[in-house]
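The following exercises concern the geometry of a single protein model. Each task is followed by a solution in steps.

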Amino acid sequence: MSLSGVNSDIDDAPGAARPEPEPPSGAGRRWSIPAPPRLSLPVTGMLIYAGIRLVSVAIVAIVLGQGQYRLRGWSLVRWMRSSDGGHYRAIAEHGYTYPAGQLAHASVFSWFPGYPAVIDSIAWLPGVTIVAAGLIVTAVAGMAAAWGLTTLGLKLTGDPRISLLMVAIWAVAPSSTVLSMLYAEALFCALAVWALVALVSRRWLTAGLLTLAAGTVRSTAVALILTIFAAAMIAVVQAVRARQPFAAWWRPLAGLLLAPLGLLGYLGYVAVATHRLDGWFWVEKHTMHMVFDWGASTLRVAKGTLLGTPAVADVLVIGALVAAVLLMLWSLTERIPVYLHVYTIVVVILTLTTSANWISSKPRFLLPAVLLALPVARLLAPLRTSVLVPLIGVLAVATTWFGLYLTVIARWTP
């Protein structure tokens, strides 16, 4: 027995492993590059989204200098702030102004205040213009939406690969180019996705507050409001059947009461400003020619596209709408909470049943229907990454051209 208490006979036994002496400092030492830290799933989702957006903007910059696009004289900045961007910039700078008493020129009320309000909140910083502030808001909101969609996908499927694919598919959807422009879609999608995450997590007050905020950004918040109504009713009925005390289910009701306040607040503001109870609806109908027509005009355009000699833009847009309807039906096969199906269905129906005067904008109106990406993501998940990356790249090129063609060549509003 040695003084250290370790049996020295063991160390001297035949075949026993002996520790090798450490080499002198600096001699024979092997150096290796440390493994990079493993990124969290939400960060990976945001990086995928950001990469697709950068690729899309790079494609736009290249295409604008070629052929017919070059002849139109569009710069990258002009493209980013075009169409609805002009209205949002005017509201951020001057508020809701129109000739007094001339309601026929009050189309400014068609654009909701949430997005320009956020733009104005950072445009005061030194060196930050209204356009720069708008693009910053769009970029940050898009990243937040990607984070939320990754989180939602993981909660619904438990599969990180499907969750990341949902982000990629949403980022290359038709008219996804507006996620790189001065448009409110990125902000609305961020609020909507996180409201859905809150609902799935049963954080009713958070869902209600996020929906309230979404109601100041786009009228599509109606879909979120109906979704919270469906989820809250299911929760309340279950609580009543289980004879739970009121303290256990007041939150669903509170969330339901909060949800419509943003949308109703803006409609009320327009009613006061226009001196008409139906002010916003009057503006939509008489200045923007947007009404609820049960989809008659959309069907008429689709029929003309299928049976007539349509322009390329008509074919692209109607193709995107048909794909959305098929994806909506396919998404109903997913085993997810029924209120999430309500959300998807309402977004798609609202898009299809409003008048087709702005038919080119309908693919953009479908961007909040993020769960349309779920069945496609599940289908693609088994593919190798070496196949998925080029596939997503091809889709990014195709949908970027889609949005650019509608704006620059067809001169339609995306």
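**Exercise 1. Identify the residues that join helix 13 to helix 14, and describe how the two helices cross.**

Step 1. On the helix 13 side, Tyr266, Leu267, Val270 and Thr274 meet Gly279, Trp280 and Phe281 of helix 14. Contact here means heavy atoms within 4.5 Å, and helices are DSSP runs (H or I, at least four residues; strands are E, at least two), numbered from the N terminus.

Step 2. This contact divides into 5 nonpolar, 2 polar and no charged residues. The classes are nonpolar (Ala, Val, Leu, Ile, Met, Phe, Trp, Tyr, Cys and Pro), charged (Asp, Glu, Lys and Arg) and polar (the others, Gly among them).

Step 3. The axes of helix 13 (residues 261-274) and helix 14 (residues 279-286) come within 7 Å and cross at roughly 80°. Axes are lines fitted to C-alpha atoms, for helices over the stretch in contact, and angles run from 0 to 180 degrees between N-to-C directions.

Step 4. The two helices are therefore roughly perpendicular to each other. The classes of angle are roughly parallel under 35 degrees, roughly antiparallel over 145, roughly perpendicular from 65 to 115, and oblique for the rest.

**Exercise 2. State the basis of the model and its confidence.**

Step 1. The model is predicted: local features need pLDDT of at least 70 and side-chain atom pairs count only at pLDDT 80 or more, whereas totals for chains, interfaces and linings use all residues. Residues are numbered from 1 along each chain as its sequence is written, and side-chain values use heavy atoms, with hydrogens and water left out.

Step 2. The mean pLDDT (the predictor's confidence in each residue, from 0 to 100) is 89, and 90% of the residues reach 70 or more.

Step 3. Over residues 1-32, pLDDT stays under 50, and the model has 7 contacts beyond four places in sequence for this stretch. Where pLDDT is low, the predicted coordinates should not be read in detail.

**Exercise 3. Summarise the fold in totals.**

Step 1. The secondary structure comprises 20 helices and 0 strands.

Step 2. Of the 414 residues, 47% are buried, where buried means under 20% relative accessible area, exposed over 50%, and partly exposed in between (1.4 Å probe, protein chains only).

Step 3. Among contacts with a separation of 6 or more, 76% join residues 24 or more positions apart.

**Exercise 4. At what angle do the axes of helix 16 and helix 19 cross, and which residues make the contact?**

Step 1. The axes of helix 16 (residues 312-331) and helix 19 (residues 373-380) come within 8 Å and cross at roughly 75°. That angle makes helix 16 roughly perpendicular to helix 19.

Step 2. Helix 16 contributes Leu327, Trp330 and Ser331, while helix 19 contributes Pro375, Val376 and Leu379.

Step 3. By class, the contact has 5 nonpolar, 1 polar and no charged residues.

**Exercise 5. Where is aspartate 84 placed, and what does it touch?**

Step 1. Aspartate 84 lies in helix 5 (residues 84-94). With a relative accessible area of 9%, aspartate 84 is buried.

Step 2. Not counting residues up to four places away in sequence, aspartate 84 touches Trp111, Leu182, Tyr183, Arg364 and Thr413.

Step 3. Serine 83 belongs to the loop between helix 4 (76-80) and helix 5; its phi is positive, near 55°. Serine 83 is partly exposed, at 28% relative accessible area.

**Exercise 6. Is threonine 353 buried or exposed, and which residues does it contact?**

Step 1. Threonine 353 is in helix 17 (residues 338-353), and at 11% relative accessibility it counts as buried.

Step 2. Leaving aside neighbours within four places in sequence, threonine 353 contacts Val291, Phe292, Asp293, Trp294 and Gly295.

Step 3. Alanine 296, found in helix 15 (residues 296-307), is partly exposed at 39%. The C-alpha atoms of alanine 296 and serine 355 are separated by 7.5 Å, although these residues are 59 residues apart along the chain.
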